[in-house]
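Here is a set of questions and answers on side-chain interactions in one model. Please keep the structure open while you read.

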Amino acid sequence: MGSNPMGLIVALDSPDRGFEDLVEELCGIVDGFKLGLPLLVGRGPVYTAALRSRCHEGVWIADLKLADIGHVMKLTTSLVVDYVDAVIAHGFIGVRGALGELKEFLERRGKKLVVVASMSHPGAEEVYDKALPLILDAMEKLGPWGVVAPATRPHVIESIRERLGPRVAIMSPGVGAQGAEPGAALCAGADYEIVGRLIVSSPDPRSAALAIRDAQGRRLASCRRG
Ligand code: BMP
């Protein structure tokens, strides 16, 4: 990865509002969209597929946060797989009978698997970060296209990048509403920052996205100089 040093993915989560105009406004300005579970369940696949048809640029990710046996994860994924590029599953479920089957299912359809390696909220230190060495062992075996790692704890991103090398795409939520500054995760080795409320709750989402891109660029320039 690392081909786009300033990746920005917008998280669309709320089921209570229409995202049609926002997607059209941001199409081509950001590097993709992440469809959250409240939106996917609340609005259903007809709505979310129609949303995707408004923007064919960038990577579209179904954030199903799957954590089940392979058989059930494949059933769930089949509901969205035709109109997204990637699906997110939890990392703690392991490879055999779970992530391995899901990866094969997605790859046969030309789609990507993204696995949560750790999370951005404080409680991730209680369990997820402690299990990180085991999860990274599993990721080495599995070879997912991408992993999720917290912008709120850049040292976790650094250790994932060091362990998994340059090929895996690291996607980092936690920017803005959860406290991380734009660009901090990129400086730690992430490829994409995932941003929800800072963009979607702004009265002017396009300007908010462009301002985040500027801030990412400034932060990257300063961390590379340092
Ligand atoms: P916001 O920028 O509004 O805090 O949204 C963050 C987005 O990233 C949400 O869609 C959330 O589900 C997701 N996310 C997260 O916040 N932390 C994680 O560890 C993993 C996530 O997918």
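**Side-chain pairs in a predicted model**

Q: Which residue meets R219 in a salt bridge?
A: A salt bridge is a side-chain nitrogen of Lys or Arg within 4 Å of a carboxyl oxygen of Asp or Glu. R219 meets such a partner at 2.7 Å, N to O. That partner is E181.

Q: How many residues apart in sequence are R219 and E181?
A: R219 lies in helix α9 (residues 205-225). E181 lies in the loop between β7 (169-173) and α7 (184-188). Helices (H or I, at least four residues) and strands (E, at least two) are DSSP runs, numbered from the N terminus.

Q: Is R219 buried, partly exposed or exposed?
A: Buried means under 20% relative accessible area, exposed over 50%, and partly exposed in between (1.4 Å probe, protein chains only). R219 has 30% relative accessibility. R219 therefore counts as partly exposed.

Q: How far apart are the closest N and O atoms of D137 and R163?
A: D137 and R163 form a salt bridge. It links distant parts of the chain, 26 residues apart: D137 is in helix α5 (residues 132-142) and R163 in helix α6 (residues 154-164). D137 is partly exposed at 35%, and R163 is partly exposed at 31%. The closest N and O atoms are apart by 2.5 Å.

Q: How many salt bridges does the structure hold?
A: Side chains of opposite charge can pair when their charged atoms come close. For the structure, the total is 13.

Q: What is the geometry of the ring pair F33 and W60?
A: A search of the whole structure finds two aromatic pairs. Rings of Phe, Tyr and Trp (its six-membered ring) pair if their centres lie within 6.5 Å; planes under 30 degrees apart count as stacked, over 60 as edge-to-face and the rest as tilted. F33 and W60 have ring centres 4.8 Å apart and planes at 40°. The pair is therefore tilted.

Q: Are F33 and W60 buried or exposed?
A: F33 lies in strand β2 (residues 32-35) and W60 in strand β3 (residues 59-66), so the pair ties together parts 27 residues apart in sequence. Both residues are buried.

Q: What is the angle between the ring planes of F92 and Y128?
A: The ring centres of F92 and Y128 are 5.8 Å apart. Y128 is buried, with a relative accessible area of 8%. The pair is tilted, because its planes are at 55°.

Q: Which ring does the charged end of R109 sit over?
A: A charge sits over a ring if NZ of Lys or CZ of Arg is within 6 Å of the ring centre and within 35 degrees of the ring normal. The charged end of R109 is 3.7 Å from the ring centre. The ring belongs to F105.

Definitions and conventions. Residues are numbered from 1 along each chain as its sequence is written. This is a predicted model: local features need pLDDT of at least 70, side-chain atom pairs count only at pLDDT 80 or more; totals for chains, interfaces and linings use all residues. Side-chain values use heavy atoms; hydrogens and water are left out.
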